[in-house]
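Thanks for making the time this morning.

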Amino acid sequence: MYSITDQLKLELMSMEDGETSALHCPFCNADHENKLYLTKTGDGAGLYQCKRASCGAAGSLGEHTGTIRKIAPTFKPKLFTRSLSPLKAEHRNYLLDKYEITNTRGIRYDAKEDVLAFDLQTAQGTGWGVQTKYEWHRPEHRSKSCLYTERNVPKIHYEHPIGRGTCVLVEDWLSARKLSSIIPTVALLGTHLPEEAALDIRKYYDSLLLALDYDAVEKARKLREAWKGLFMSIDIVLLKRDVKDTAYHTLQQVFGNEEENNNNTTG
């Protein structure tokens, strides 16, 4: 007997690479509308997602690595156990002077390591971990940042409030915070976009803008190629400096019109 994924693979055989079809969803069996979108990304490979809010089935077929419903390896949390304190005036002034960041919600200070600590949250606003980062006086042979994962969720940080339509993917927490007052942002906490994270983002956003650091243009191109079948559009934004280091008025010029178009389209 054919499974649901077998049925979807048969559909892929009649499709062209890059083609997207709207189908009856075999997961929720909603007969009145075709809300399962199936995109062929290569020979025998594809991505699917049901747009019905009550269903939300999503996954991949063929060369991709399983589906959102797959059984994940045993999760081993890495807990943050040191005490954290509110930011001092000197820390707030540092963030303002260096990055033009005034909203310091979710940023604390680890006095023992002399690092900033960022609270990480899901799209629902639930905390899932902490990331620390050396902004000054980094000891030799120490990593600039360290991730503490307390819950088994996609390792990306959503800046709130969650928007709709289009969001910008950036590398780091501070870039997401700085840009979030202009347009919705998600921090990859690096340059990697794994499948479970891409599928999670797709629940809330149809299109992406990739604004990775200046030295990661080729990585952005690879991300666009890997996930162009899942999103309506993926565009790369080229900045001369990293987002957090770019003047705020420049970010407004680059991303302000995009957010205005986003609101006009989805509002």
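When I speak of a salt bridge, I mean a side-chain nitrogen of Lys or Arg that lies within 4 Å of a carboxyl oxygen of Asp or Glu. Please keep in mind throughout that what you see is a predicted model. By that definition the structure holds 11 salt bridges, and I have picked out a few of them to discuss.

Let me begin with Glu135, which forms a salt bridge with Lys133, the closest N and O atoms being 2.8 Å apart. Buried or exposed, where do Glu135 and Lys133 fall? Both of these residues are buried.

The next pair is Asp172 and Lys244, whose side chains meet in a salt bridge at 3.5 Å, N to O. This pair links distant parts of the chain, since Asp172 sits in the loop between E10 and H3, whereas Lys244 sits in the loop between strand E13 (233–236) and H6, 72 residues apart. Why do I call Asp172 buried? Buried means under 20% relative accessible area, and Asp172 counts as buried because its relative accessibility is 14%. Lys244 has a relative accessible area of 9%, so Lys244 is buried too.

For a pair in another setting, please look at helix H5 (residues 217–227), where Arg221 and Glu218 both lie, 3 residues apart, which is about one turn of the helix. Arg221 forms a salt bridge with Glu218, and the closest N and O atoms are 3.3 Å apart. Here Arg221 is partly exposed, with a relative accessible area of 43%, and Glu218 is likewise partly exposed, at 45%.

Staying with this helix, which residues of H5 are buried? They are Ala220, Leu223 and Trp227. These residues cover an arc of only 60° around the axis, and therefore they lie on the same side of H5. On the other side of H5, Lys222 and Glu225 are exposed. As for what the buried residues of H5 pack against, the partners are strand E3 (45–50), helix H4 (195–202), strand E12 (205–210) and E13.

Turning now to the sheet, 4 strands form an open sheet in the order E5-E6-E7-E8, and the pairing is antiparallel. The edge strands are E5 and strand E8 (145–149), each of which pairs on one side only. On average, and with direction ignored, neighbouring strands of this sheet are turned by 25° against each other. E5 and E6 pair in the antiparallel sense over 4 bridges, and if you look for the bridge partner of Arg108 in E6, you will find Ala117.

Which residues does Ile107 touch, if we do not count residues up to four places away in sequence? Ile107 touches Leu87, Leu95, Leu116, Ala117, Phe118, Trp173 and Leu174.

Definitions and conventions. Residues numbered from 1 in each chain as written. Predicted model: local features only at pLDDT ≥ 70, side-chain atom pairs only at ≥ 80, totals over all residues. Heavy atoms only, no water. Contact = heavy atoms within 4.5 Å. Buried < 20%, exposed > 50% of the residue type's maximum accessible area, 1.4 Å probe, protein only. Helix = DSSP H or I, 4+ residues; strand = E, 2+ residues; numbered from the N terminus. Arc of directions from axis to C-beta. Pairing = 2+ DSSP bridges. Axes fitted to C-alpha atoms, helices over the stretch in contact; angles between N-to-C directions.
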